Amino acid sequence: MTVNGSTEFIIRCEGEELKVRQGETFLDLAERAGWSRDVLMVEVDGIPQELRSPVPGPCEVKPLGFESPAAREALRHSASHVLAQAVKRLYPDAELGIGPAIEDGFYYDFRLGHSFEPEDLEKIEREMEKIVEEDLPITRHEVSRQEAFDIFSRRREPLKLEILEEIPAGEPVSIYKQGEFIDLCAGPHVPSTGYIRAFKLTSVAGAYWRGDEKRDMLQRVYGTAFLTREELEQHLRRQEEIRQRDHRKLGKELGIFSIQEEGGPGLVYWHPKGGVIRQVIEDFWREEHRRRGYDIVYTPHIAKLDLWKTSGHWDWYRENMYSPIVVEGVEYLLKPMNCPFHILMYKSSLRSYRDLPLRWAELGTVYRYERSGVLHGMLRVRGFTQDDAHIFCRPDQLEDELVGVLDLAQFMLKTFGYEEYDCMLSVRDPHDKKKYIGEDSVWNQAEAALEAALKRKGLAYVRDEGEAKFYGPAIDIKIKDVFGRGWQGPTIQVDFNLPERFDLTYIGQDGKPHRPVMIHRTVLGAMERFVGGLIEHYGGAFPVWLAPVQVKVIPVTEGQEDYAAEVVKILKAEGIRAEGFFGPEKVGYKIRQCQLEKIPYMLVVGPREKQSGTVAVRHRSKGDLGPQPLSEFSQKVKEEISAKSLD
RNA sequence: GCCGGCGUAGCUCAGCGGUAGAGCAGCCGAUUCGUAAUCGGCAGGUCAUGGGUUCGAAUCCCAUCGCCGGCUCCA
């Protein structure tokens, strides 16, 4: 249909039909339909589009608000442009790097002589406010390569030229303009700077250009943006809550661990409270492994250099290993992994096909040199205890064994309250096969086995190129904590290479030697990292079965100290970790201390309880539960402990 | 390792050129009390370490160590 020389057509939007003239944009439509600026983008036949793009023809349109990931990214990406514009206004010499939206926010990288300091962020923020106030239209322009080259040469943006060169031929080159600011950018963006109503710059940091440590270090400014001030503030409060749960803070407050400057960085001291947690986990771990047909082994901490040459570690892993220790003229290395030791044990006798699979588990303490800048509390350390195991099996047993490991991993994660996780199939970097040992065929075989096991378990997974270990591909399970943050969890690696290098064999039914396959796996990862993660997951409030002190008995006055001591004695005899809280302080004070220590149960005993042989139970989160007979209470706690209840 | 920030009492932090401060914790004393802090007193620091500038440095400069936020790397 043609009206006044222009064509009209009908689009559908949220169940309504709307008339659109040829050449109109979604923004025109938005204005006509009276959409608020909460609409950041539209979805056109299922594909997100920016509001400034023209309506292509009859289609189904859906407005996208901040809850849509695409729209949220567009808003934050636009915020990064506002940041860049502000920086260019204040520091005209700054060269633009890249400025994407990221999870929870955005950043922009700059190269300039001046180093940004925290106070500079405030200045930049104020300039950003002005740009938002100016409500500059953000417009997209497709240009030729030559035009783009001219623009960014003229504007002296060498980093942008570098990016331009890397845009594959045939792909359109687009630039975005807002006021005097121009960026090479694929988009999409929100229609104008005024859409960015709630933002905050959060930090500055160095970042290598293109993530390559051989190239210049740029200055990265991080920020975040939300639709409204309230959402922004809610986010900042949540960040604060996460900081409050930091395992380094809680670990110190709760007496779980420390790292001593005099002792050296990245080396963890497990204090008594942490010792209890670790021991309970380890006991559970051993028991569960025995149940599943594993044998527990122990191996040394150092071995001759030659062993590490045979295993390939000396050639492929040396940068993470400590320098040799010379003993009687022979060089020894501190172990960064346990596998060669288990292999030596395997070789210590002749193995029959009937012996396989052999499942050998070890809580093996290893030492790895980590660069100083990467160390982080218990989560990234230089000495740690892996809950390691190596399964030696026949090729025909491989898939079943992998499924068995996946079962165990799922069981363990569930026990600790990790309900959500993502499975990654970590394979070689196809562009850099030199980083790995062994033949292609062997790698393909290993990969196929891992894939088959994942499929049998019905687990969805993502291929992660370049994430394989040097000796084989792996299934890496990323667990998610209460805040939805990802942690490295179980890892399961199939290895045909080390059996080859060490010439491992078993005698088959045919009386001839055959090559076994090895599975390397950890379920918890490392005790340090796992417990560090648990501290944050639980916010320091360990479930009763793990809590270092499960019950604290609080006498109301000195007159009940004898009864309290008796209660503690009885609970201890029942295997419950109970302590008395004696001293002249008032009950309120003692309860507060216990709450801060996140002790699951407090038993208040005054004259009434002493008289009747009861205890007044208070739970750290449920509050006062009233009096009950001691035996009833201890029975309930014991049940909770044996059920490994997560309450 | 790299970029930036920070290191003051056991802990959390104030002081930022003129002779070291608070709260909590600790110790002593009083208080005997019923579900998130009873009161009073005492003690506690070569201001990370080593150099330098200055009449004078916790404070300014340099180096080293450590920590924090990132980058790169990883269980």
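The largest nonpolar core has 92 residues, and Leu-402, Val-553, Val-567, Leu-603 and Val-605 have the most contacts inside it. Helix H12 (residues 398-415) provides the largest share of this core, seven residues. At least three residues come from each of domain 3 (257-537) and domain 4 (551-642). A nonpolar core here is a set of buried Ala, Val, Leu, Ile, Met, Phe, Trp, Tyr and Cys residues joined through C-beta atoms within 7 Å; buried means that 20 or more other C-beta atoms lie within 10 Å of the residue's own, with C-beta atoms placed from the backbone. Leaving out residues up to four places away in sequence, Leu-402 touches Ala-449, Leu-450, Ala-453, Ile-492 and Ile-519. A second, separate core of 55 residues includes Phe-152, Ile-175, Cys-185 and Tyr-195.

This is a predicted model: local features need pLDDT of at least 70 and side-chain atom pairs count only at pLDDT 80 or more, while totals for chains, interfaces and linings use all residues. Residues are numbered from 1 along each chain as its sequence is written, and chains are lettered from A and ligands numbered from 1 in the order in which they are written.

RNA strand B is surrounded by 57 residues, the closest being Gly-206, Gly-373, Gly-525, Gly-606 and Ala-616; a residue is near the strand if its C-beta atom, placed from the backbone, lies within 6 Å of it. H17 gives the most to this surface, seven residues. Among the other elements that supply at least two residues each are strand S13 (198-208), helix H15 (527-538) and strand S33 (614-619).

Conventions
Helix = DSSP H or I, 4+ residues; strand = E, 2+ residues; numbered from the N terminus. Buried ≥ 20, exposed ≤ 12 C-beta atoms within 10 Å, placed from the backbone. Domains from an automatic or database assignment. Contact = placed C-beta atoms within 7 Å.
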